[in-house]
Amino acid sequence: GPFFFCKSSSSRHRTRTFVAMQGDGASATTKNNSDLKIPHVLTVAGSDSGAGAGIQADLKACAARGVYCSTVITAVTAQNTVGVQGVNIMPEDFVAAQLNSVLSDMQVDVVKTGMLPSTDIIKVLHQSLREFPVRALVIDPVMVSTSGDVLAGPSIVSGFRDNLLPMADIITPNIKEASALLDGMQLATVSDMYSAAKLLHCFGPRNVLVKGGDLPDSSDAVDIFFDGENFHELRSARVKTRNTHGTGCSLASCIAAELAKGSPMLSAIKVAKRFIETALDYSKDIVIGNGPQGPFDHLLRLKSTSRSCRPEAFNPSDLFLYAVTDPRMNKKWGHSITDVVKAAIEGGATIVQLREKDADTGSFLEAAQACIEICHHHRVPLLINDRIDVALACDADGVHIGQSDMPVRVARALLGPEKIIGVSCKTPEHAHQAWVDGADYIGCGGVYPTNTKENNLTVGLDGLKTVCLASKLPVVAIGGIGISNASDVMKIGVPNLKGVAVVSALFDRECVLTETKKLCAVLTEAI
Ligand SMILES: Cc1ncc(COP(=O)(O)OP(=O)(O)O)c(N)n1
Ligand SMILES: Cc1ncsc1CCOP(=O)(O)O
Ligand SMILES: [Mg+2]
């Protein structure tokens, strides 16, 4: 078709634009209802030549989260691990043209903004969002790069406050940006962050996340989330590394990606935070550039690491047939821990938990190290009951902790974002707290009376259902479950009940393999 030349109208920039049009403008593809809609984020940000932040980071973060990302470039920076050496701001009419090209043609779910270097650009974005409304708007008010270079002038603040904050579903300022948006308010403590979040909420965003990574001398990184009613403190282990360039904007693009996939806001933030922590932890020793602040690797999942024999991150369907060991039963039947674990896995166990209530630490660790080999050979996760130290020492896949064991938040800080944490819950309140604290699943019971765990309150099928309905996390049922009642348990009709955890049904038996196969058949029949 014909090619059109058009020059940028702005006198400051001689930008030649080639616009190719299809013949009569007819759409090049025909839609049919079987087309697959992929979650879609449009990022409106600056290009970072070092590719640690900006447009490049947004593309990588979205790719890592399995979401399509289109891009409107607001500026091109000459930037590296030392800082920002130059900024070339796009004329606002060309930003408008890019916005129109994407928003008029593609089904964008979420718009995420990064560097918006001029009030004119902010205004054209505001206009485009009114013309092409999207499901969610994530504003990362990039004004000062983490290397301290100012990426936007002071007039930008009113541009953000008047044109974008009222439309935002969430804004994610760091300490410096929150201060800039609040006319220089001092933020030196966590309580200042609470006040800033509340004040920023008055400008109209539905949610505010004040990121505390740069808070002076804070032990672990804490972010303050405010939704207009409730505050949440989101703590995360601080990864000691120079490779933190781009973490802020990548967090925002991960949040945008999770929202595009349909997550509610707080879940989106928690998942995004855990992903960034994982990527930072994975990248902590990577060396790119000679400056004080390197980029991190968003695409760690594409790499095969020494952990390739380790099962992937937690998959709720692993809870299907959950074998929990018991040393007294092994002793009674003359079974070794490795024999019963092998037999359970061969019989269909999808996850194993070593529950050695009274073992001394040495023999517990020995058993755990032996079982890790077996479990990882079969790509089955191995969790340790209660003992975080043993889990760390044998690099288990995670832990299961009860209400009176180590708090989940502490366990998460010790184990990091990749490990699986399960929590015993008897009530909806327990389930909610487990979710807030960042657990991966909950164990609910005892469903039926059991002799395996002394003075254990029985919650029954009703109690189990109540907890499942309240839980945002996947649930495994436990307590007195076996081949006679496993089907009843699985048929209570709640989607997040993913399986049953059993002790005596497998291990207080002469043949663990036979019993596990029978239970596996009953469960398979029931789902
Ligand atoms: C999957 C699963 N759910 C619950 C428990 C119970 O844990 P336990 O440590 O035996 O007892 P509490 O500490 O929860 O009181 C479990 N082990 N596994
Ligand atoms: C560990 C635990 N948590 C609640 S009940 C229970 C014991 C389950 O053992 P069994 O499967 O033999 O009833
Ligand atoms: Mg316990």
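Here are some friendly notes on the predicted model shown above.

1. Some ground rules come before the details. The model is predicted, with local features needing pLDDT of at least 70 and side-chain atom pairs counting only at pLDDT 80 or more, while totals for chains, interfaces and linings use all residues. Residues are numbered from 1 along each chain as its sequence is written, and side-chain values use heavy atoms, with hydrogens and water left out.

2. On the overall picture, the chain has 18 helices and 19 strands (DSSP runs numbered from the N terminus, with at least four residues of H or I for a helix and at least two of E for a strand). Of its 527 residues, 53% are buried (under 20% relative accessible area, with a 1.4 Å probe and protein chains only). Among contacts (heavy atoms within 4.5 Å) with a separation of 6 or more, 65% join residues 24 or more positions apart.

3. Ile-255 is worth a click in your viewer. Beyond residues up to four places away in sequence, Ile-255 touches several residues, including Ile-170, Leu-209, Met-265 and Ala-272.

4. Helix H4 (residues 155-164) is mostly covered, with seven of its ten residues buried. Among the buried ones are Phe-160, Arg-161 and Asn-163. Their cover includes helix H3 (119-131), strand E7 (136-139) and helix H5 (175-181).

5. Next, the sheet. Nine strands form an open, mixed sheet in the order E5-E4-E3-E6-E7-E8-E9-E10-E11 (two strands pair if DSSP finds at least two bridges between them). Strands E5 (84-89) and E11 (231-236) stand at the edges with a single partner strand each, so one side of each has no neighbour in the sheet. E10 (residues 221-226) and E11 pair in the antiparallel sense over six bridges, and Glu-233 in E11 is the bridge partner of Ile-224.

6. Which side chain of opposite charge is nearest to Glu-356? It is Arg-355, 9.2 Å away, and Glu-356 is buried yet has no salt bridge (a side-chain nitrogen of Lys or Arg within 4 Å of a carboxyl oxygen of Asp or Glu). Glu-356 lies in the loop between strand E13 (351-354) and helix H11 (361-377). Leaving aside neighbours within four places in sequence, Glu-356 is in contact with Thr-325, Pro-327, Ile-337 and Phe-364.

Conventions: Chains are lettered from A and ligands numbered from 1 in the order in which they are written. Buried means under 20% relative accessible area, exposed over 50%, partly exposed in between (1.4 Å probe, protein chains only). Lys and Arg count as positive and Asp and Glu as negative; His and the chain ends are not counted.
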